[in-house]
2 protein chains.
Amino acid sequence: MAGYLPGEQPQTDEFVKLNTNENPYPASPAVARAVEDALRRGLQKYPHPMSDPFRQKAAQVFRVEPDWILAGNGSDDILTITTRALVGGGQLLRLPYPSYILYKTLADIQGARSEEIAFQPDWSLSTRFFEGAADLRMVFLPNPNSPSGTVVSAEKVLELAERLPCPLLVDEAYADFAEFNCLALVARNEKIMVSRSLSKSYGLAGLRFGFLVAQPQMIRQLAKVKDSYNCDSLSIAAATAAIGDQQWLAETRKKIAATRARLTGRLRTMGFSTVDSHANFVWSTHSEQPVKPLYERLKENGVLVRYMNYPGWGDGLRISVGTDEQIDTCLERLAAIV
Amino acid sequence: MAGYLPGEQPQTDEFVKLNTNENPYPASPAVARAVEDALRRGLQKYPHPMSDPFRQKAAQVFRVEPDWILAGNGSDDILTITTRALVGGGQLLRLPYPSYILYKTLADIQGARSEEIAFQPDWSLSTRFFEGAADLRMVFLPNPNSPSGTVVSAEKVLELAERLPCPLLVDEAYADFAEFNCLALVARNEKIMVSRSLSKSYGLAGLRFGFLVAQPQMIRQLAKVKDSYNCDSLSIAAATAAIGDQQWLAETRKKIAATRARLTGRLRTMGFSTVDSHANFVWSTHSEQPVKPLYERLKENGVLVRYMNYPGWGDGLRISVGTDEQIDTCLERLAAIV
């Protein structure tokens, strides 16, 4: 088995780093204050096993009850927990293609089968995605999707859940950058689960915190599978503060949406095919020249973007939306080599 | 499936808390400084996927190469990773009984079988523990064991590994409180893996950090199964600082060993049967009176210890070694009700 290979993570500041969709803006100042408070309380004791302080705050923000929320050590932990709980060895996990490569790795680790169903050329779901299948136990739908940044409408997501014979995990790691999300559907169909990450929209990739919203009977089953203390005291304090500062989120979203529009426009004038993104990255292909050398030349010039190649689909550059200054640097250097 | 039920974790200070083997002394002051430095560097970027700063420091301390070390989100994460990587559905995991209840839960989650082999009455391993078995894929040996605090000698551990047909994970969560450990055996037999926790001996239960020492070819395989970023930036910084302060560890061990000796002696004068402990807790049974009511009365009186009942073996109280003051309070209240 190959394992999942995460994006390059240079630990120095030598690159303009636009390859793994981090937020370029520092997290809410409430985060550092909360961590310092937690440090003062001390780290000798175990954290709350279910991260209750976070659940209570998030429940207020999202207008659900706390027992509809499961906290995880990053949303990767949530994806791992759901896979382990719901998909047995030899059973089937469905995912769209191209999407987040980790989904398939999780099935492999579990000894489960995975079925990748290609998006239509316009990044809509094909009718096959809605059909039942023998031993189908869970469906992953990233929304917005990566690498495309495209979305499936809430109406389509609800229709999908109604037609599927199994739980549907809507991975909303990037939903804070979109104009809508599927949280309200969780109450309407018990098959729908929505996962979120604090890595991107809250500027906390270094913290590892994500969560799931699902109906309480599902949360109770999933909690049996998670590590007993999957989130630590500092992370719980930080995540609680971050989710409590929705004003910071609103302001940051606005800045990123503006920079995203500018990046998209400029890429198109350079001859890239760039689909409208609802996430904090832009997916670009080029019909006249290969993009891998562009990635390599950009890297030589101090700008790190993500080159992705999906067999049977094609390759492209996924460029994270940084600050205006970072994006200007990226665009200038790209213009010089394209 | 029942899931693992962790010990009670009241989030207030109403109890003298001696039930989940936390360290009563605050962690090395280097920990808070390191977390503050990491906060200043910011949390926007992903952490190092393999926790390299920690690996480098731990490698110096334990005189191995960094690629012999795998960091985990608590040693529970390490136990989960090894189980998922090495034990398939229907295959067999062996563990001693009574020991850490989580081992069996991990096998259950994995759809694997588990085989609990009872300790001898003197807490030594029975000959059956050394024998091969069909589909046996991994053996867990907590050393020191919980709830007993007893140890199996390094010679016996090496003999066990030589006779087993599969990897042997020596869970050394409590080894810093013992007079020896099995780290040096990892180089002598590739089947031996040693896991450690920072929760107990380093006073960092709230941090969630553990690690595994194994030969590099094993570490590489296990790394494929872990979550991509299983440890966060704050935890990596804190754990690196903690492992670097071996003087703090030596001083804390000494205090805990002294208090443990006093606690053990006093329990015996009260009529408890108390086996010599090499961990930071003491296991006590009583031949003349049931111990569950003692746990309950202690709790009513503000002292929380762990009552454990192992079907087919018996029950007892596991009392964590707190400060001298905490232990005096516990002993006084126990004396009043025993």
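In this predicted model, strand 3 (residues 92–97) of chain B lies parallel to strand 4 (residues 113–118) of chain B, and six bridges link the pair. To find your place along this pairing, look at Pro96(B), which sits opposite Ile117(B) of strand 4 of chain B.

Strand 3 of chain B has another parallel partner, strand 5 (residues 136–142) of chain B, to which three bridges join it.

Now turn to the side chains. In a regular strand, they alternate between the two faces of the sheet. In strand 3 of chain B, Leu92(B), Arg94(B) and Pro96(B) point one way, while Leu93(B), Leu95(B) and Tyr97(B) point the other way. Buried here means under 20% relative accessible area. By that cut-off, six of the six residues of strand 3 of chain B are buried, so the strand is largely enclosed by the rest of the structure.

Finally, step back to see both chains. Chain A superposes on chain B by a rotation of 180° with 0.0 Å of shift along the axis, at an RMSD of 0.0 Å. The two copies are therefore related as by a two-fold rotation axis. To locate that axis from chain A, go to Gly89(A): of the residues of this chain, its C-alpha comes closest, at 3.4 Å. As for the contact between the copies, 100% of the interface residues of chain A are also interface residues in chain B, so the copies meet through the same surface.

Notes: Residues are numbered from 1 along each chain as its sequence is written. Chains are lettered from A and ligands numbered from 1 in the order in which they are written. This is a predicted model: local features need pLDDT of at least 70, side-chain atom pairs count only at pLDDT 80 or more; totals for chains, interfaces and linings use all residues. Side-chain values use heavy atoms; hydrogens and water are left out. Buried means under 20% relative accessible area, exposed over 50%, partly exposed in between (1.4 Å probe, protein chains only). Helices (H or I, at least four residues) and strands (E, at least two) are DSSP runs, numbered from the N terminus. Two strands pair if DSSP finds at least two bridges between them. Copies are superposed by least squares on the C-alpha atoms of residues with pLDDT of at least 70 in both. Contact means heavy atoms within 4.5 Å.
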